[in-house]
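Have the model open as you read.

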Amino acid sequence: MIVLEFKAKGKTTQYKSVDEAIRTAQFVRNKCIRFWMDNRGVGQKELYRHNTKLRAEFPFVNALNSHACQVAVEWAYSAIARFYDNCRKSVPGNMGYPRFKKNCRCVEYKTSGWKLSPDRRSINFIDKKGIGKLKLKGTWDLHFYQLEQIKRVRLVRRADGYYVQFLIRTEVEKVDVQPTGKIVGLDVGIKEFYTDSNGYTEPNPKFYRTGEKRLKFRQRRVSRKLKGSTNRRKAINKLGRVHLKISRQREEHAKRVARCVIQSNDLVAYEDLRIKNLVKNHCLAKSINDAGWYQFRKWLEYFGVKLGKVTVAVIAAYTSQECSNCGAVVKKSLSMRTHVCSCGFVLDRDWNAAINILKLALSTTGHVGTWILDPNASGDSTATLAGAILLEQVGSMNEESPHF
């Protein structure tokens, strides 16, 4: 499944209709959550039946495409199922109890309620919300895919406009590349974006820290405006545009760096980090989120599949403490940036950790075939037992394919 995104161009009245469709989907989802709260134990079928009652009771719900309402029900049930799953697993802390949505930003259609133009450069939404025909601005070519492959169409509202996303069921096309004969281990950090096992360090751009001054300026403008006023809504939109730019910069940087790393190596090892647990440290939470380690790992794995390279995530426990030369454990605090071992090995802390990560990856990727149950089933002779005469020595057995 891939997602192709286009910028949607239309009139102001069409944008208002899109907002109305988004609010309707939010209404259906919240009503389903409330129905589940009042009737514990109901399943997805009961939520679908409740959606049918809502469509009969409220005309504005009936105006939205029936498949779009079904998707809103699926969103509600997904939150409920996630809550039950967390309860079964005894997840510590917040179990993720389903909550009402206050500001949804998208509405999703299935295979009905929309129609593509013959040139695939515009889309027409044919339900009763009055969205109508929207032009598609983008570089993707939808002619490469059949209409049957488009499983979902999503309208997304962002600070800089409206977008149309096509969810297409297709396989990721693998690209044939020549092996490079190189392997690398990566240790991500805050000071440097990553340090590899060869000693190379990628600088951390720190997009949020760079744009923090502009964010503070826009946040002050929002605080000075009267709540509920048009000027406050405009100020919030300008603040959202700054946040959107930072998130796009972080995503594009992670994508570019991940592609370069995958193209240059045949095996890439990295840390299997739990970002959700790391950001509990309030002193480092802002810097960890600004680094974008999750986006980097996501693109590493994607390009690894597309380019046919091996990506291995290893548990990062003690990779910074162990000596990559002798294996001894050298306790270090976060402020100690140099690894100094009693064996005389001195190296940068992150470089030493990257080497340990690569060693762990190599130890886990070996022996992936099926083990031989009986090594002496064929091939080499068995060893002669102590005290046995040479006549009892078993001869060698050759099981090569016969020649025809």
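## The ring cluster

Trp36, Phe83, Tyr84 and Tyr97 are tied into a cluster by ring pairs. Here, Phe, Tyr and Trp rings (for Trp, the six-membered one) pair if their centres lie within 6.5 Å; planes under 30 degrees apart are stacked, over 60 edge-to-face, and the rest tilted.

This is a predicted model, where local features need pLDDT of at least 70 and side-chain atom pairs count only at pLDDT 80 or more, while totals for chains, interfaces and linings use all residues. Residues are numbered from 1 along each chain as its sequence is written, and side-chain values use heavy atoms, with hydrogens and water left out.

Searching the whole structure turns up 18 aromatic pairs. One of them is tryptophan 36 with phenylalanine 83, edge-to-face at 6.1 Å centre to centre and 80° between the planes. That pair links distant parts of the chain, 47 residues apart: tryptophan 36 is in helix α1 (residues 12–38) and phenylalanine 83 in helix α4 (residues 66–89). Helices are DSSP runs of H or I, at least four residues, numbered from the N terminus.

Tryptophan 36 is buried at 0% relative accessible area, and phenylalanine 83 is buried too, at 11%. Buried means under 20%, exposed over 50%, and partly exposed in between (1.4 Å probe, protein chains only).

Tyrosine 302 and phenylalanine 303 have ring centres 5.3 Å apart and planes at 70°, so they're edge-to-face. Tyrosine 302 is partly exposed at 31%, whereas phenylalanine 303 is buried at 5%.

## Charges over rings

Arginine 40 has its charged end over the ring of tryptophan 36, 4.5 Å from the centre. Arginine 158 sits over the face of tyrosine 163, 4.8 Å from the ring centre. The cut-offs are NZ of Lys or CZ of Arg within 6 Å of the ring centre and within 35 degrees of the ring normal.

Methods
Helix = DSSP H or I, 4+ residues; strand = E, 2+ residues; numbered from the N terminus.
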